[in-house]
Amino acid sequence: MPTVVTLQLLLALTYLLVPLAGHRYGSAAQQAADTEIQRQGRDRAVLVKNGLDFTAGTASVAVSMAIALGLAALAVLNLNGQPLLTWILQPILLIAGGFITTAQVFVVRYVEAALRKSGTTDIDAKALMRAAEAAFPRWFRPLVLARFLLTTAGSLVILLVLA
């Protein structure tokens, strides 16, 4: 059970830190993306049109905080030998959270696909994402990757350990 609790608490921490960093540095990332898109000769409205927003809004921060609190509560329940809610909620996080965190890890591919889908193929998505990512601290990208790994592989390990 210590493995389950440790993984859930680490995962909760990532769901706490990623949106807080997004909230703190997202405006600077948005500004950098706006500057890059204009450097590429396009109006920054193309970012809005394609749903490319690097700021962490109140709703996304609140959802991430709720997930973090939920994971911490599951860890406490598991410490007390009550894994039933983990059996119910961890698979949901594995699927739903895995989908969302995958998009964050492979963000350039998702941005390229969104631009292609809208018929906007003349934007250098890699340069756009490099500009936005440069506004975040160096530890942010590894933290996003850690959240992805803990959400997917960590959730699988939790379920296997409980089995």
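Reader: Hi! Where does Gln30 lie?
Author: Gln30 sits in helix H1; helices here are DSSP runs of H or I with at least four residues, numbered from the N terminus. A quick note first: this is a predicted model, where local features need pLDDT of at least 70, side-chain atom pairs count only at pLDDT 80 or more, and totals for chains, interfaces and linings use all residues. Residues are numbered from 1 along each chain as its sequence is written, and side-chain values use heavy atoms, with hydrogens and water left out.

Reader: Which residues have the most contacts inside the largest nonpolar core?
Author: They are Ala33, Ile37, Leu47, Phe54, Val111, Leu128 and Phe140, in a core of 23 residues. A nonpolar core is a set of buried Ala, Val, Leu, Ile, Met, Phe, Trp, Tyr and Cys residues joined through side-chain atoms within 4.5 Å.

Reader: Which helix gives the most to this core?
Author: H1 does, with five residues. Apart from this core lies another, of 12 residues, including Leu71 and Leu93.

Reader: What does Phe140 touch?
Author: Not counting residues up to four places away in sequence, Phe140 touches Val18, Ala21 and Gly22.

Reader: New topic: how many residues does H4 have?
Author: Helix H4 covers residues 84-105, so 22 residues, and reaches 30 Å from its first C-alpha to its last, close to the expected 32 Å, where the expected span is 1.5 Å times one less than the number of residues.

Reader: Where is the kink in H4 centred?
Author: On Gly98, with a kink of about 35 degrees. The bend at a residue is the angle between axes fitted to the seven residues ending there and the seven starting there. Gly98 is also one of the buried residues of H4.

Reader: What covers those buried residues of H4?
Author: The cover includes H1, helix H3 (58-79), H5 and H7.

Reader: Last one: is Arg109 buried or exposed?
Author: Arg109, found in helix H5, counts as exposed because its relative accessibility is 60%.

Terms used. Buried < 20%, exposed > 50% of the residue type's maximum accessible area, 1.4 Å probe, protein only. Helix = DSSP H or I, 4+ residues; strand = E, 2+ residues; numbered from the N terminus. Contact = heavy atoms within 4.5 Å.
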